[in-house]
Amino acid sequence: QVQLVESGGGLVQPGGSLRLSCAATGSASSIFTMGWYRQAPGKLRELVASITREGNTRYMYSVKRRFTISRDNAKNTVYLQMNSLQPEDTAVYYCNAYTPVTYWGQGTQVTVSS
């Protein structure tokens, strides 16, 4: 079993930045890939970014030049640095871990508004 706890969401103005963190506990050493998904009201949940244990990353196209995912394997923590935030980035952001069982965090709200 893996437990994921997210932090770092909030309200930010357009053009601002936020950093999300997700700490994994439990059988965290079994995690292969960690990532961030988001779900806006009325929309499907979508992959924002993911990172393997070896550090290979993957991004959705619209965030590729603005967001950076990173991972500290010693702390079993994944981060998402989000810069140049836009209103369309508003969503609940979920941390994800794959062991290959899939685990989800509880979600953290990110609101981009003036």
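**Close-up views of a predicted model**

**View 1. The surroundings of Met34 in the predicted model.** Setting aside residues up to four places away in sequence, Met34 touches Leu4, Cys22, Ala24, Ser50, Ile51, Ile69, Arg71, Val78, Cys95, Asn96 and Ala97. The model shown here, as in every view that follows, is predicted rather than determined by experiment. Met34 is found in strand 4, and with a relative accessible area of 1% the residue is buried.

**View 2. The largest nonpolar core.** This core has 30 residues, and those with the most contacts inside it are Leu4, Met34, Trp36, Val48, Leu80, Met82 and Tyr93. Two or more residues each are given to this core by strand 1, strand 3, strand 4 (33-39), strand 5 (46-52), strand 7, strand 8, strand 9 and strand 11 (108-112). In soluble globular proteins, nonpolar side chains tend to be buried together. Around Met82, once its neighbours within four places in sequence are left aside, the residues in contact are Gly16, Ser17, Leu18, Leu20, Arg66, Phe67, Tyr93 and Val110.

**View 3. The disulfide between Cys22 and Cys95.** A search of the whole structure finds one disulfide, which is formed by Cys22 and Cys95 with their sulfur atoms 2.0 Å apart. The link of Cys22 and Cys95 is left-handed, with -85 degrees about the S-S bond. Cys22 lies in strand 3 (residues 18-26) and Cys95 in strand 9, so the pair ties together parts of the chain that are 73 residues apart in sequence. A disulfide is a covalent bond between the sulfur atoms of two cysteines. Cys22 is buried, with a relative accessible area of 0%, and Cys95 is likewise buried, with a relative accessible area of 0%. Cys22 and Cys95 are both among the residues that Met34 touches, which links this view to the first.

View 4. Six bridges join strand 1 and strand 3, which pair in the antiparallel sense, and Ser7 stands opposite Ser21 in strand 3. In a regular strand the side chains alternate between the two faces of the sheet.

View 5. Strand 4 and strand 5 pair in the antiparallel sense over six bridges, and Trp36 stands opposite Ala49 in strand 5. These two strands form a hairpin with six residues between them, and Gly42 in the turn has a positive phi of about 80 degrees. Strand 4 also runs antiparallel to strand 9, to which seven bridges join it, and the bridge partner of Gly35 in strand 9 is Asn96. Asn96 is also one of the residues that Met34 touches.

**View 6. Thr77 and the loop that holds Asn76.** Asn76 lies in the loop between strand 7 (67-72) and strand 8 (77-82), and its phi is near 50 degrees, a positive value in a residue other than glycine. A polar atom of the Thr77 side chain lies 2.9 Å from the backbone oxygen of Lys75. Not counting residues up to four places away in sequence, Thr77 touches Cys22, Ala23, Ser70, Arg71 and Asp72.

View 7. Ser84, placed in the loop between strand 8 and strand 9, has a positive phi of about 50 degrees although it is not a glycine. Ser84 is partly exposed, with a relative accessible area of 36%. Pro100 lies in the loop between strand 9 (91-98) and strand 10 (102-104), and the peptide bond from Thr99 to Pro100 is cis, with omega near 25 degrees.

Definitions and conventions:
Residues numbered from 1 in each chain as written. Predicted model: local features only at pLDDT ≥ 70, side-chain atom pairs only at ≥ 80, totals over all residues. Heavy atoms only, no water. Helix = DSSP H or I, 4+ residues; strand = E, 2+ residues; numbered from the N terminus. Buried < 20%, exposed > 50% of the residue type's maximum accessible area, 1.4 Å probe, protein only. Disulfide = S-S within 2.5 Å. Polar contact = N/O pair within 3.5 Å; in protein donor to acceptor, adjacent residues only side chain to side chain. Contact = heavy atoms within 4.5 Å. Pairing = 2+ DSSP bridges. Core = buried A, V, L, I, M, F, W, Y, C linked by side-chain atoms within 4.5 Å.
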